[in-house]
Amino acid sequence: MESVRKRIAIIGGGIAGLAAAVRLRDVTPADTEIVVYEQSGALGGKLRTGELAGVPVERGAESFLNGAPGGGESAAVRFARRLGLGDALVHPAPQPAALAIGGKLARIPAGTLVGVPGDLSALDGVAVPDADSDADTGQPLLAPGQDVAVGELVRSRYGAQVVDRLVDPMLGGVYAGRADQLSLRATMPQLARTAETEHTLRGAVRAAQALSRRTPGQPVFAAVAGGMSRLVEAAATAARARIGLGLPVRELVRTGDRWQLVLGPAPDPRTEDVDAVILAVPAKPAARLLAGAAPEAARLIGALEYASVALAGMALPAGTELPELSGFLVPPGEGTLVKAATFFTRKWPHLTGADGPVIVRASLGRAGEQERLHPSDEALLEIAHRELGELAGTRLPAPAASWIQRWGGGLPQYAPGHPDRALAARAALPPGLAVAGAALDGVGIPVCVASGERAADDVNSYLDA
């Protein structure tokens, strides 16, 4: 019997949705129709390359992990190679990073796991752990499957200063969140696993580090020369999908063994029928679309909270002197709006020569601080410029060019128990419907790529059955 051509809808044109589209193109029959709906006017989600004084500067994620936790290349590197961008991968200069504490910049101690030390003697006075608190009690730190806040575990074993000065700024740099609210199992899965067998936090950190099969000398991070937008464009081309920009999906309805999408503006909607759907959007729109077809999944996904952040990009005059660092992180206790800074052209020296502008990029705002981001772009730039100079210990010249990029509700905040809720949400989905992206699986380009590919494989298996 002749096979019937299938149509698959992907709702969300960020990197998870695009990775799903490329994987579907690779594994489904050649005549499969893949449609990507993105309600904004551009693909890429939080991957967006801007320009500053003639230099490409990321307005979203600037890099991705080069290696996978268990060894080998990360999903993002493999994806870039699949898209023909293997030769375009670049790596940051080997510059150290620092913590801004009490008006001084202190090198981040080596050998930590997202700020959690495995050797307390290597902290160099950056943080003083509580004496004898990490004692062996004769039982593992966590019961099998147990999840706690990162801060709860580290505070109980090392004390408040290690959390406040090391773990909080490291987690804040990635999630814009606080250690006392973020799930250990979602943010540090390897440490959660080793904590089920180790009796001390030092032992658990060392065991988790041993599980990471990083090749000595291999760069930790990678990026795409010319900017992350190249990755987005290459994915859209490779997927050979029909792209619907500026076209919101308002409703998702199960009709027999197919799905009906209600699209477009509310006064003049249209419908489209598809055989399977991948949702690759943030939690709130995902929950809204799932409310009728999968109410339990909608409830579980919709409970996820998000933090708002903003990025400030500044092009300083050529020759501007900055500390010999790739950048720095700022503990929340310092009270600044700036939570992290990257000396962009020093970290990525391929971008410009000695006579080019000195680009600095600052990250502003943390979870629960949305009101601090309410001022105008001009006001935020003024605050960022002043605080950067104070934190770096130097008076910065006025920028020749600058911009503010706001990401309202941009970063998921994974409360303890998140991995179990994500598992339960997927189990509550009806056949032919998959969910992908940071709302379930974590932030970072490799995680989102792998999430999209997993959703594509799930949908393909359903259609093959």
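The side chains of Glu369 and Arg372 meet in a salt bridge, at 3.7 Å from N to O; the term covers a side-chain nitrogen of Lys or Arg within 4 Å of a carboxyl oxygen of Asp or Glu. Glu369 is buried, at 17% relative accessible area, while Arg372 is partly exposed at 29%. Here buried means under 20% relative accessible area, exposed over 50%, and partly exposed in between, with a 1.4 Å probe and protein chains only. This is a predicted model, in which local features need pLDDT of at least 70 and side-chain atom pairs count only at pLDDT 80 or more, whereas totals for chains, interfaces and linings use all residues. Residues are numbered from 1 along each chain as its sequence is written, and side-chain values use heavy atoms, with hydrogens and water left out.

The structure holds 24 salt bridges. One of them pairs Arg23 with Glu453, with 3.3 Å between the closest N and O atoms. That pair links distant parts of the chain, since Arg23 sits in helix α1 (residues 15-27) and Glu453 in helix α15 (residues 445-464), 430 residues apart. Helices (H or I, at least four residues) and strands (E, at least two) are DSSP runs, numbered from the N terminus. Arg23 is partly exposed at 24%, but Glu453 is buried at 13%.

Another salt bridge joins Glu272 to Arg242, the closest N and O atoms being 2.5 Å apart. Glu272 belongs to strand β15 (residues 270-274) and Arg242 to strand β12 (residues 242-245), so the pair ties together parts that are 30 residues apart in sequence. Glu272 is buried, at 7% relative accessibility, and Arg242 is partly exposed, at 35%.

Over in strand β19 (residues 338-343) lies Ala340, which counts as buried at 12% relative accessibility. Neighbours within four places in sequence aside, Ala340 is in contact (heavy atoms within 4.5 Å) with Phe328, Leu329, Val330, Arg361, Ala362 and Ser363.
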